[in-house]
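Subject: Handover of a protein structure

Dear colleague,

Please find below the structure that I am passing on to you, together with its sequence.

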Amino acid sequence: MKRPAAIPWLQVLLLAAAYVLVGHLSLLPHFSVGRVSAIWLPGGLAIAAVTALGQHMALGVLLGSIALGLSVGNPWPVVLIISLGNTAETLTAAILLRRYVRFRPTLERLRDVVALVIIGGVVTPMISAVAG
C-alpha cells in the first residue's frame with residue numbers, strides 16, 4: 001500500500017493568511033460596495049496556488065475564506081456556504097485546467113492564457129457567485 005503524502009501545513013496556512021489579506025484588499029471601497037466585490041482577487045490567488053501546488057491547497061482556500069468571512073462579521077451559516085462555494089470554484093478551475101487543457105502555469109502557450117481567462121475568470125466564478 002502506498003502511504004499518502006503528508007500535507008504541507010505551512011503552505012496551507014500561508015495560503016489561508018494570504019487569502020484573508022488579499023480578501024480584505026478586495027473589500028476596500030475602490031473595489032467593493034459593502035461586503036460585495038466586483039473583482040475578487042483571492043479567487044485568482046486560490047486558483048494559482050491549487051493549480052501550481054496541488055489540490056491539498058484547497059484546504060488553505062477553505063480556511064482563509066472562513067477566516068475572512070468571520071472577520072467581516074458574517075454569520076456562521078453564511079460563512080460556511082460562501083467558503084464552500086469559493087473552494088468549489090477553485091477546485092473546479094484547477095481540475096478543468098489540468099484535465100482538459102493540460103494547463104502549464106508558465107503561460108507560454110496562448111491556449112493556457114485563453115483557458116485561464118475563460119475557465120478561471122468567467123466559468124468557475126459563477127460557482128462561488130451562486131453560493132454567495
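A residue is called buried here if its relative accessible area is under 20%, and exposed if that value is over 50%, with partly exposed in between. Please bear in mind throughout that this is a predicted model.

By that cut-off, Thr87 is buried, because its relative accessible area is 11%. Thr87 lies in helix 4, which covers residues 76-101. Setting aside the neighbours within four places in sequence, the contacts of Thr87 are with Ala58, Val61 and Leu62.

As to the protein as a whole, the secondary structure consists of 6 helices and 2 strands. Read from the N terminus, the order of these elements is α-β-β-α-α-α-α-α. The radius of gyration is 15 Å, which agrees with the value near 14 Å that a compact globule of 132 residues would have. Along the principal axes, the C-alpha trace extends over about 40 × 40 × 20 Å.

Of the 132 residues, 36% count as buried. The accessible surface amounts to about 8,000 Å², and carbon and sulfur atoms contribute 72% of this area. Where contacts link residues at least 6 apart in sequence, 58% of them join residues at least 24 apart.

I would also draw your attention to one pair of helices. Two packed helices are described by the angle between their axes and the distance between those axes. The axes of helix 4 and helix 5, the latter spanning residues 110-123, come within 10 Å and cross at roughly 145°. This crossing of helix 4 and helix 5 is right-handed.

Which residues of helix 4 and helix 5 meet? On the side of helix 4 they are Ala93, Leu96, Leu97 and Val101, and on the side of helix 5 they are Arg111, Asp112, Ala115, Leu116 and Ile119. The residues of this contact comprise 7 nonpolar and 2 charged, with no polar ones.

Yours sincerely

Note on methods:
Residues numbered from 1 in each chain as written. Predicted model: local features only at pLDDT ≥ 70, side-chain atom pairs only at ≥ 80, totals over all residues. Heavy atoms only, no water. Helix = DSSP H or I, 4+ residues; strand = E, 2+ residues; numbered from the N terminus. Rg over C-alpha atoms; globule rule 2.2 N^0.38 Å. Buried < 20%, exposed > 50% of the residue type's maximum accessible area, 1.4 Å probe, protein only. Contact = heavy atoms within 4.5 Å. Areas by Shrake-Rupley, 256 points an atom, 1.4 Å probe, with all protein chains shown as cover. Axes fitted to C-alpha atoms, helices over the stretch in contact; angles between N-to-C directions. Left-handed = near helix turned anticlockwise from the far one by under 90°. Nonpolar A, V, L, I, M, F, W, Y, C, P; charged D, E, K, R; others polar.
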